[in-house]
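Let's take a walk through this protein together.

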Amino acid sequence: MEIKGFAQLLEQILDPPVSYQRVAKNYLNPKNVNPEICKECGGECCKRCGCNFSPDDFQEISFEYLRQQMEKGYISIDYVDGETFYRSWGVYILRVRNQERPIVDTEYVRRTPCVLWTVKGCKLDYEHRPSSGRLMMPSKKIEKITGERICPTSYSTKQCCDEWRPYQDVLRQLRDYFQDKDFPCSL
């Protein structure tokens with residue numbers, strides 16, 4: 001067997017094709033919307049990182065469609081290392097871009113404000129925010145060690161990775177296309 005054929009076989013065994021597995025999302029849960037708590041905290045979560053998108057947040061998952069969306073400058077490609085979830089492979093996801101970070105942001109840097117965060121709140125209204133932002137449950141609970149507010153989400157990073165896993169080919173194409181490009185946020 002030639003090396004190229006063996007490599008393809010090995011890839012199929014280690015990373016078999018997967019179909020899209022939608023995560024149920026309840027955007028109508030009243031716990032997800034509490035402008036008073038968000039205003040009180042000043043957007044601590046938004047100051048740490050942009051929200052993760054679900055594939056459901058887009059009309060279609062194709063190179064051309066996502067390229068057009070990403071050229072608006074507020075969407076980035078992020079890489080979640082497989083070790084995060086005790087897997088041998090990492091996953092590319094889309095999230096809202098962080099300030100002063102590139103479109104292809106595979107370093108997974110935290111503590112950088114979301115490009116859509118302002119002192120008045122998010123530039124997007126609730127209905128147009130990414131899934132992880134709409135499924136965040138504002139809370140007054142404070143973490144004892146860091147003193148930061150703890151707002152749980154009903155859409156975890158693991159769920160996000162599971163949803164994006166079938167689209168890795170498209171996301172790798174986008175990663176390659178945007179690797180050395182930059183677009184200012186148009187919102």
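(A salt bridge here is a side-chain nitrogen of Lys or Arg within 4 Å of a carboxyl oxygen of Asp or Glu.) Asp182 lies in the segment after helix 7 and Arg97 in the loop between strand 2 and strand 3 (104–105), so the pair ties together parts that are 85 residues apart in sequence. Asp182 is exposed, with 56% relative accessibility, while Arg97 is buried at 8%. (Buried means under 20% relative accessible area, exposed over 50%, and partly exposed in between, using a 1.4 Å probe and protein chains only.)

Before going further, a word on the model: it is predicted, so local features need pLDDT of at least 70 and side-chain atom pairs count only at pLDDT 80 or more, while totals for chains, interfaces and linings use all residues. Residues are numbered from 1 along each chain as its sequence is written, and side-chain values use heavy atoms, with hydrogens and water left out. The protein averages a pLDDT of 83, pLDDT being the predictor's confidence in each residue, from 0 to 100. Confidence is lowest in helix 1 (residues 3–14), with a mean of 57, and highest in helix 4, at 97. (Helices are DSSP runs of H or I with at least four residues, strands are runs of E with at least two, and both are numbered from the N terminus.) Where pLDDT is low, the predicted coordinates should not be read in detail.

Helix 4 has charged pairs of its own. Arg67 forms a salt bridge with Glu64, with the closest N and O atoms 2.2 Å apart; both residues lie in helix 4, 3 residues apart, about one turn. Arg67 also pairs with Glu71, at 2.8 Å. Arg67 is buried at 14% relative accessibility, whereas Glu64 is partly exposed at 39%.

Now look at strand 2 (residues 91–96). 6 of its 6 residues are buried, so the strand is largely enclosed by the rest of the structure. Strand 1 (residues 75–80) runs antiparallel to strand 2, joined by 6 bridges, and Ser76 stands opposite Arg95.

How values were computed: Pairing = 2+ DSSP bridges.
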